[in-house]
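Here is a short briefing to read alongside the structure.

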Amino acid sequence: MENPFYSKLIKYIEMDLYELGYKTMVCNTIGSSNREQDYLDMLDRNIVDGIITCALVLEDSLYTCIKKPIVSTDHDFGPSIPLIHSNHKKGGQMAAKVLIDASCKNVIQIGAKWDVKTPSSERYSEFEKIMTFHHIPLHTIYTAWNKVSYSYYVNTMQNHLDLLLNADGIFTSDIGAMAVYHLAVEHGRKVPESLKIVGYDGMDLTRLSKPIISCIKQDPIELARRCVDTIIKLINQENDIEYHQILDVIYQKGDTV
């Protein structure tokens with residue numbers, strides 16, 4: 001919920017469900033298997049009508065064995081549970097193209113390290129694949145999946161200051177992009193003259209002040225609508241359910257590339 005993207009997604013899920021007569025309970029697993037199991041047990045006991053989840057802690061079988069409505073936003077549980085997500089593979093490709101077209105030759109990628117492959121992790125693997133294909137040196141700095149604060153990114157990059165001072169291109173999240181920008185400027189780097197920065201998500205915070213962050217933009221409002229539409233169809237046992245939906249992403253031109 002600390003992540004601005006998920007905050008907006010939750011907001012619109014709640015609003016859309018309320019319009020349809022449903023109330024929303026927001027359950028934060030914080031990486032705890034006990035919490036996640038509690039919520040699944042609650043669903044199984046008919047206390048709630050359905051779950052929209054992006055949790056990744058428990059075994060897939062603990063979800064797939066529950067014969068109740070479940071929609072996933074970032075984990076492939078197989079054909080029995082609808083999966084709805086942004087086109088992260090395209091997002092990684094777009095970010096790579098932006099930095100390559102800007103003639104970057106020494107690039108840093110900052111992102112979460114996942115134990116399992118997810119749709120959102122494809123942005124990093126695709127970015128790395130394209131950089132490797134073009135023989136562009138790439139340093140990947142892994143972050144904790146549930147650490148998204150500004151100070152966390154600043155502290156992380158201070159531990160890799162030598163890489164930051166020598167890089168000419170960076171790909172990371174919205175908050176990571178803002179943190180990297182300020183840290184780089186503090187150490188004399190000029191953005192975008194000698195350092196290009198591309199963020200990911202494209203939330204409002206990237207446009208609140210100068211410089212506007214150049215980023216790959218997701219659409220959490222449409223994602224929320226699709227999740228709500230699908231969970232309601234599952235609850236109503238309708239037949240016209242699309243079990244894998246991929247939403248487009250776009251490049252939001254800013255001042256950092």
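**Helices and sheet at a glance**

The axes of helix α6 (residues 150-158) and α8 come within 8 Å of each other and cross at roughly 55 degrees. Because angles from 65 to 115 degrees count as roughly perpendicular and those under 35 as roughly parallel, α6 is oblique to α8. Please keep in mind that this is a predicted model.

**The α6–α8 contact**

- The crossing of α6 past α8 is right-handed.
- On the α6 side, the contact is made by Y150, Y153, V154, M157 and Q158.
- On the α8 side, I175, G176, M178, A179, V180, H182 and L183 take part.
- Sorted by type, the residues of the contact of α6 with α8 give 9 nonpolar, 3 polar and no charged.

**The sheet**

- An open sheet is built from 6 strands, and its order runs β5-β4-β6-β7-β8-β10 with mixed pairing.
- At the edges you will find β5 (138-143) and β10 (250-252), each of which pairs on one side only.
- On average, neighbouring strands of this sheet are turned by 20 degrees against each other, direction ignored.

**A closer look at β4 and β5**

- Strand β4 (residues 107-112) pairs with β5 in the parallel sense, over 6 bridges.
- If you want a pair to click on, G111 has Y142 in β5 as its bridge partner.

**Where helix meets sheet**

- Helix α8 (residues 174-186) packs on the sheet and touches β4, β6 (169-171), β7 (196-201) and β8 (214-217).
- The direction of α8 makes about 155 degrees with that of β7.

Conventions:
Residues numbered from 1 in each chain as written. Predicted model: local features only at pLDDT ≥ 70, side-chain atom pairs only at ≥ 80, totals over all residues. Heavy atoms only, no water. Pairing = 2+ DSSP bridges. Helix = DSSP H or I, 4+ residues; strand = E, 2+ residues; numbered from the N terminus. Axes fitted to C-alpha atoms, helices over the stretch in contact; angles between N-to-C directions. Contact = heavy atoms within 4.5 Å. Parallel < 35°, antiparallel > 145°, perpendicular 65-115°, else oblique. Left-handed = near helix turned anticlockwise from the far one by under 90°. Nonpolar A, V, L, I, M, F, W, Y, C, P; charged D, E, K, R; others polar.
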